Amino acid sequence: MHPYDALSEIASLLERERASRYRSKAFRAAAAAIEGLDDAQLSDTAALRRRKGIGESTFAVIQQALAGEVPAYLVELRESAGVAPVGSDLRARLRGDLHSHSDWSDGLTSIDLMAEAARALGHEYLALTDHSPRLRVANGLSPQRLREQLALLPAFSGDGFTLLSGIEVDILDDGALDQQEELLDELDVVVASAHSKLRMDRGPMTRRLVAAVQNPHVDVLGHVTGRLVEGSRGTRPQSQFDAAAVFAACAENRVAVEINSRPERQDPPDELIALALDAGCLFSIDSDAHAPGQLSLIDHGAARAERAGVPVERIVTSWPLARLREWTARRR
């Protein structure tokens with residue numbers, strides 16, 4: 001195993017487990033520090049120790065890999081990593097992911113590493129959906145920054161993979177969207193999510209979500225309840241709203257209800273997935289990845305959808321790219 005591959009895989013597994021971002025970034029930095037070095041350079045231990053980005057833990061991984069071993073830390077992480085049920089038919093039929101972030105907003109890595117990881121998973125497409133301006137804590141993209149990002153994206157597509165342009169646009173208190181309408185019209189995918197005032201009263205929250213779903217730019221309603229059920233951020237109760245009304249609006253406007261694959265969200269809850277099914281909704285199984293290793297979290301979303309009996313034909317991320325594009329263009 002090449003040391004670069006070992007460091008990169010460790011970073012991916014730490015990202016998947018939502019470990020401290022500083023740990024995963026340290027292994028990403030070490031991989032970047034040795035990228036392109038030949039065996040002679042890697043074997044020069046004195047020079048390697050002086051190289052910026054190499055610490056004691058990453059140095060040990062490099063040495064073990066150079067010795068022809070699978071590094072002990074990598075063995076440990078592989079053993080503890082959760083995976084989708086073997087033979088999951090639904091997981092095998094997913095073609096892409098419509099919700100991911102890069103370091104342009106609050107993601108941990110560059111766009112190219114996100115695209116590379118999506119290719120490695122066999123994705124046909126990935127939507128890059130960095131945050132919108134009002135979410136300052138997540139370094140949301142101003143209209144100017146989003147336009148700058150859009151100019152770069154075509155370079156990441158090719159050889160059977162497409163990086164779709166997109167945004168996770170914040171749903172404002174009145175249901176309006178936190179980005180210029182004409183700019184939203186240029187994007188391939190728009191995920192609309194509420195990130196503030198999640199404890200709003202039931203009536204206003206229902207009107208807020210319905211108004212967002214009725215906006216012709218919206219394709220996916222992201223993590224609809226906003227709940228957190230585990231993890232380092234603690235827990236958070238789900239927002240209160242008339243789910244029947246919201247899902248009826250989703251079905252009427254052919255907006256997909258996101259099955260958010262992050263284990264700390266498990267959003268929507270099972271009972272709301274059942275309501276959305278009965279309402280005739282489409283679904284989008286998304287990773288909400290903020291790092292390359294988190295793209296594989298769609299394993300969890302696929303497992304939840306399979307247990308809930310969601311038909312594959314109603315899951316937009318199982319559709320080929322041409323059909324997906326027809327759907328996203330339906331109201332624009």
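## A residue to start with: A26

A26 is partly exposed, with a relative accessible area of 34%; here "buried" stands for under 20% relative accessible area, "exposed" for over 50%, and "partly exposed" for in between, using a 1.4 Å probe and protein chains only. You'll find A26 in helix α2, residues 21-34. Helices (H or I, at least four residues) and strands (E, at least two) are DSSP runs, numbered from the N terminus.

Leaving aside neighbours within four places in sequence, A26 is in contact with G53 and T58, where contact means heavy atoms within 4.5 Å. A26 and S57 sit 31 residues apart in sequence, while their C-alpha atoms are 9.3 Å apart in space.

## What kind of model this is

This is a predicted model, in which local features need pLDDT of at least 70 and side-chain atom pairs count only at pLDDT 80 or more, while totals for chains, interfaces and linings use all residues. Residues are numbered from 1 along each chain as its sequence is written, and side-chain values use heavy atoms, with hydrogens and water left out.

## Two helices side by side

Take helix α1 (residues 3-16) and helix α6 (residues 72-80): they pack at an angle of about 35°, and their axes are 10 Å apart. Axes are lines fitted to C-alpha atoms, for helices over the stretch in contact, and angles run from 0 to 180 degrees between N-to-C directions. The crossing of α1 and α6 is left-handed, meaning that the near helix is turned anticlockwise from the far one by less than a right angle.

Who meets whom? From α1 come A6, E9, I10, L13 and L14, and from α6 come Y73, L74, L77 and R78. The residues of this contact split into 7 nonpolar, no polar and 2 charged. In this scheme Ala, Val, Leu, Ile, Met, Phe, Trp, Tyr, Cys and Pro are nonpolar, Asp, Glu, Lys and Arg are charged, and the others, Gly among them, are polar.

## The sheet

Now for the strands: 7 of them form an open sheet in the order β1-β2-β3-β4-β5-β6-β7, with parallel pairing. Strands pair if DSSP finds at least two bridges between them. β1 (96-97) and β7 (283-286) are at the edges with a single partner strand each, so one side of each has no neighbour in the sheet.

Let's zoom in on β5 (residues 220-221). It runs parallel to β6 and is joined to β6 by 2 bridges, with L221 partnered by V257 in β6. Strand β4 (residues 189-193) is also joined to β5 by 2 bridges, and V191 has V220 as its bridge partner in β5.

Strand β6 (residues 256-260) is mostly covered, with 5 of its 5 residues buried. In a regular strand the side chains alternate between the two faces of the sheet. In β6, A256, E258 and N260 point one way and V257 and I259 the other.

A disulfide is a covalent bond between the sulfur atoms of two cysteines.

## Buried or exposed?

T206 lies in helix α11, residues 202-214, and counts as buried at 12% relative accessibility. A155, in the loop between α9 (143-152) and β3 (162-170), counts as exposed at 68%.
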